[in-house]
Amino acid sequence: MRRREFGKTSLGVLGATFLADRADAAGAEAAPVAPAVDFPKTPGLTQYVGQFVLQTKYENIPAEVIELGKKSILDGFGLALAGSRAESGPISRKYVEQCGGSGKATVIGTAMKTSPRFAALLNGISIHADDFDDTQLAAAKDRVYGLLMHPTVPVLPAIFALAEQRPVSGKEWLLAYQIGAEVECKIAEAISPRHYQDGFHTTGTCGPFGSAAACAKLLGFDLKKTLNSFGLAASQSGGLRENFGTMTKPFQAGHAAESGLVSAEMAALGWTAAEQILEADRGFFHAEGGSYDPSAMMNRLGQPWTFADPGVSLKPYPSGSLTHPAMTELARLIAVNNIQAAQVEKVDVGANHNMTTTLLHHNPNTGLEAKFSMEFCIAILLLERKAGLAQFSDQVVQRPDVREMIRKINFYVDPQAESAGFDKMTSILKITLKNDKVIAGQAAFGKGSPANPMSFDEASEKFRGCAEFAEWPQAKTEKIIAFVKVLEAAPEMSALSPLLSSAAG
């Protein structure tokens, strides 16, 4: 893997800003503060992204990438169904109703119709509500594997809502989806690791660009409107990791979908914005990352496509992706050794420090917190041999047997896992039984990753589980699977809407 070189934001710049503010207060005229001298200069970067959106055709996308994308699309629709039943669903829908939103865009899993922007928001919240959606993988050693983007959630809700407003074929829709996912993922790869490490949630910050790119393609924008969409989307970029384990994490994802759609709709009406928003000294990369790696983006869009390399992972469990290698390996050890919960004395789980700090809820009290708790994920697999949507609830987390098992889990920074690098999720398990027998295992990747991928049939089984959780009619469930499997052949995407709505007729 190539090593990234990033500019360093000088403390002198911060000091200069402070002194300039003091001078202003004293009535003096402050000189403008320049960015750090080593901030990369890549003129034309935003325009290059805009040209990629304009010029890319369906035929430019490899068949393998199309097929990989269809698994994520099916996954997204299933999670929108399941997530509509989450506690955040009724609250967010009530808010939209209070806003008086009206229109014909489908709120998936319900009979509700609203405006495209609010449908994008609500469906995005639902897709991310259970933290069960697909994950972009890191490509560089200085990145935390699995902690870049959830690529489908900012894009799918926006273009699904747009496709209900005008005729859009399956091929046109797939093209827009792939373009949006590619743009946001490459932006996430390019921005300095500081962006995520200091607390930004990249799905909320980079996602609006993916949504805007996909909408711009679907709306047939010229270059100027596309660039204006990016400029406006950047000003709506936001999301903080401190909100992980709360309803606000899925809100950030839904807002990313909404922001890109709103930006495109405003640009369509003539709204203007900065046309060099990515690379500018006061633009996205400098403001939200301090620096970026131009070589990760310039002349890299579609070369290779992110879905092909480094790939996108489908989640086998509704929890943070960093839990999945340990959970996949534990499930294997339980099956091979017939481990019973009553036999377990303690479990040691070693990982790198980025994993232990990201999975921050070491003694969770809610189902949402449990999604970011290695201790809970290990405990529930030992107790129930499964960890599905039904297990991540407040009631399960607070059960006495779960609390007792959590106390037996030691989640720690292991030197071996640390030295393996952050571009993988090395998880080292040691299960000590009450008879002093020790069962050990290790994994760097979970089920659903490119190293251990789900087939379309396996993704379909996950979709069926989500639909069943949402109490969705089986006939509709099977028709959705069949539709997505040959999505490129669909004459109109709007034919999918009745299958995802509970509205009569």
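**Pockets and rings**

Modeller: The lining of the largest pocket takes at least two residues each from α17 (367-370) and α19 (394-397). Helices here are DSSP runs (H or I, at least four residues), numbered from the N terminus. This is a predicted model; local features need pLDDT of at least 70, side-chain atom pairs 80 or more, while totals for chains, interfaces and linings use all residues. Residues are numbered from 1 along each chain as its sequence is written, and side-chain values use heavy atoms, without hydrogens or water.

Biologist: What makes the pair of phenylalanine 376 and phenylalanine 392 edge-to-face?

Modeller: Rings of Phe, Tyr and Trp (its six-membered ring) pair if their centres lie within 6.5 Å; planes under 30 degrees apart are stacked, over 60 edge-to-face, the rest tilted. Here the centres are 5.2 Å apart and the planes stand at 65°, so the pair is edge-to-face.

Biologist: Why is the pair of tyrosine 177 and phenylalanine 307 called tilted, then?

Modeller: The centres are 6.1 Å apart, with 45° between the planes.

Biologist: How do you know whether phenylalanine 392 is buried or exposed?

Modeller: Buried means under 20% relative accessible area, exposed over 50%, partly exposed in between (1.4 Å probe, protein chains only). Phenylalanine 392 has 9%, so it counts as buried. Phenylalanine 376, at 0%, is buried too.

Biologist: Why does the charged end of lysine 249 count as sitting over the ring of phenylalanine 244?

Modeller: The rule wants NZ of Lys or CZ of Arg within 6 Å of the ring centre and within 35 degrees of the ring normal. Lysine 249 lies over the ring, 4.7 Å from its centre.
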